[in-house]
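Let's take a walk through this one together. Have the fold open on your screen and follow along.

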Amino acid sequence: MGLIKKVLLGVAIVGLASLPHVWANPYYIHLMVVIGIYAILLLGLDIVVGYIGEVSLGHAALFGIGSYTAGVLNFQLGVPFLLAVPASIAVTAVFGAILALPALRVNGPYLAMVTLAFGTIVQILINEMTFLTNGPMGLSLRKPVFFGHQLNGMDYYYVVLAALLLTIVVVNRILKSYLGRAFEALRDSPVASDCMAVSVYRYKVYAFVISAALAGLAGSLFTYSEEYISPNTYNFELTILFLLAVIMGGRKTRTGAIIGSIIIVMLPNWLSDIELFRKIAVVIAAIGIVYVAYALVSRKRTPQEMILPLFLTVGLAVFAYWIENITDYRLTIFGVMILFVVYYLPDGIMGFLRSIVQKFRPQWIHHHEIVTEVGDTKHIWAAPDHPLTSKGHLLEVRNMVMQFGGLKALNEVQLEIAKGTVHGLIGPNGSGKSTMMNVLTGIYKPTEGEIEFNGKLISGSTPSDIASEGIARTFQNVQLFGEMTAIENVLVGLHHTYRSNLLGIIFNTKHYRAEEHAARLRAASLLKFVGLADLANEEARNLPYGKQRMLEIARALGLNPSLLLLDEPAAGLTAPDIKELIVMIEKIKEHGITIILIEHHMDVVMSISDTVSVLDFGTKIAEGKPAEVQTDEKVIEAYLGGNADEQAA
Ligand SMILES: Nc1ncnc2c1ncn2[C@@H]1O[C@H](COP(=O)(O)OP(=O)(O)OP(=O)(O)O)[C@@H](O)[C@H]1O
């Protein structure tokens, strides 16, 4: 953490700690407690929404489970606060897992539906299980007692503040660790994550369970704050409110969660005082005018695009002075504000503020964490996780058939790849090369046939299991983790080198720090190997196309593969870059890594391949040394049958 951030954090903590004394009104102290509690939940919800990119409509229910676990334990069994809270966290995490395990097999709208159904069921159960929950009558309890001292509202504020600060530290550590990188990676490119041995499904479930645990913590704190809980609180509206808070605050930021929480707790209050609402509306109109002026002057938006935001913000101010009673319009105003944020601030308030700060910030303040490790040639290579035990070929593909409807993209293909060789795979467009890559890496399940790798049958295994066996790949249409930096992309490739568990990350143990340091050193070395040392801290999506291809190779090497599949690595490269690529492939081979190379640049394939196989219409038509294949009549015919010039270009 930079010095400026540390100072700001220190000031914020001192400010928050002194707030209840400055503002010693019990009503406001209670509001601040609720803000803190919701912020804890939102920090967790952001892991699901912001990081893994899924929508959960079940978080109010998880919040309710946390609340009721603490409530029931205290009310029915007299369990003290310090035991009830961890129990709530654990119970909610278990419910999170029960929800996530089946639900996360589906995506998008289906996941939203499943979580919505979960929310409804939980609310009904709380209502119906009167023997435990007291049904609609609810449960009453008192604030916790610490060492014989009954806490009052102000004491409890400090309990929640401590829980919030602790949550921020824990969430920050998780999101900066290899777990957080896995979450981000699977959102940016699920297929590449799986092929880097980061199972999309498994890490989505982890993210959901961590998020549920935080909902449990928030729920249990809420029970003690309100001293009374009833089923109606944990309804659909609350779930929507939580989602809107994350979206309005801004995803992938801790500050965004706090801003979102302040908005959803305070908005009903702001909207109940007409004078206050008028002041806020004028401020919003002023911000709207400044933003519109800025967007027009910097030519970022057209005047047509700016009409609506100008109309909405200025209209809100006019409306504020026009109405006399605000209560009837509360929901409408809330809706309009949400529309505005969703349309015009898609990255939320924090995203908007950050984009402004980024423009004016000095060079030395960085958005991403800056990596200072310097690459070193001795850290590039590591022994494969699975030593080569098989005496025969490294890879054998037997009678492979891959059928899409009536089309056989691969038809009874046999392929043998000898250890330590570069095996070229060529063929006209649509001949089945990429399909073969996808079958080998488990993205497609073959219709018929077997694949044996290092003496083990891998056909039918999942992509992440196949990657863990030591098969790495690059993609024809580059599949990087766009919002992550170059070094973070390579660190995802090194995911398999971590052994520390969640506790190791949370407590930042020596062992975990050593693992992280070793991985970073190796990632920096791999970047140096592919010529990207200077671009380590650049977001992958901002790299030129040729560099993105190089980054994919570095990321794939991070997996310590025994077999590397390169799918058109020279596409989009300039002539000097292609020369460097050839040298690089030779170096990779020198280190004992076997390579399958799909390439349309014939000069590349022919100069570095030991063996070349040729596919045409899903069938292998020739195989041999490059010189033999080049003069094979069937091959010449296959290429001339297509567009020979185009193919050989
Ligand atoms: N998911 C899919 N669904 C249906 N058809 C597919 C699918 N994937 C590939 N195909 C078809 O299979 C055939 C082989 O495609 P494939 O992409 O493997 O060829 P290729 O040799 O890699 O071509 P290129 O050099 O253009 O990348 C094509 O006819 C393609 O349309």
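This is a predicted model: local features need pLDDT of at least 70, side-chain atom pairs count only at pLDDT 80 or more; totals for chains, interfaces and linings use all residues.

Two residues count as being in contact when their C-beta atoms, placed from the backbone, lie within 7 Å. The buried residues of α5 pack against α3 (59-77), α4 (81-103), α6 (130-133) and α11. Which residues are the buried ones in α5? They are L111, V114, T115, F118, G119, V122 and I126. These residues sit on the same side of α5, because the arc they cover around the axis is only 145°.

The largest nonpolar core has 174 residues, and L41, L42, A207, A218, L527 and A554 have the most contacts inside it. Helix α10 (residues 200-226) gives the largest share of this core, 17 residues. Zoom in on A218 and, leaving out residues up to four places away in sequence, you'll see it touching I37, Y38, I40, L41, F63 and G66. There's also a second, separate core of five residues, including F277, A281, L316 and A317.

Finally, the domains. The assignment gives domain 1 (3-272) and domain 2 (287-360), with their C-alpha centres 29 Å apart. Where they meet, 13 residues of domain 1 are in contact with 13 residues of domain 2. On the domain 1 side, α11 (236-249) and α12 (254-270) each supply at least two of the touching residues. By class, that side has six nonpolar, six polar and one charged residues.

Notes
Residues are numbered from 1 along each chain as its sequence is written. A nonpolar core is a set of buried Ala, Val, Leu, Ile, Met, Phe, Trp, Tyr and Cys residues joined through C-beta atoms within 7 Å. A residue is buried if 20 or more other C-beta atoms lie within 10 Å of its own, exposed if 12 or fewer, and partly exposed in between; C-beta atoms are placed from the backbone. Helices (H or I, at least four residues) and strands (E, at least two) are DSSP runs, numbered from the N terminus. Domain bounds come from an automatic or database domain assignment. Ala, Val, Leu, Ile, Met, Phe, Trp, Tyr, Cys and Pro count as nonpolar, Asp, Glu, Lys and Arg as charged, and the others, Gly among them, as polar. The arc is that of the directions from the helix axis to the C-beta atoms.
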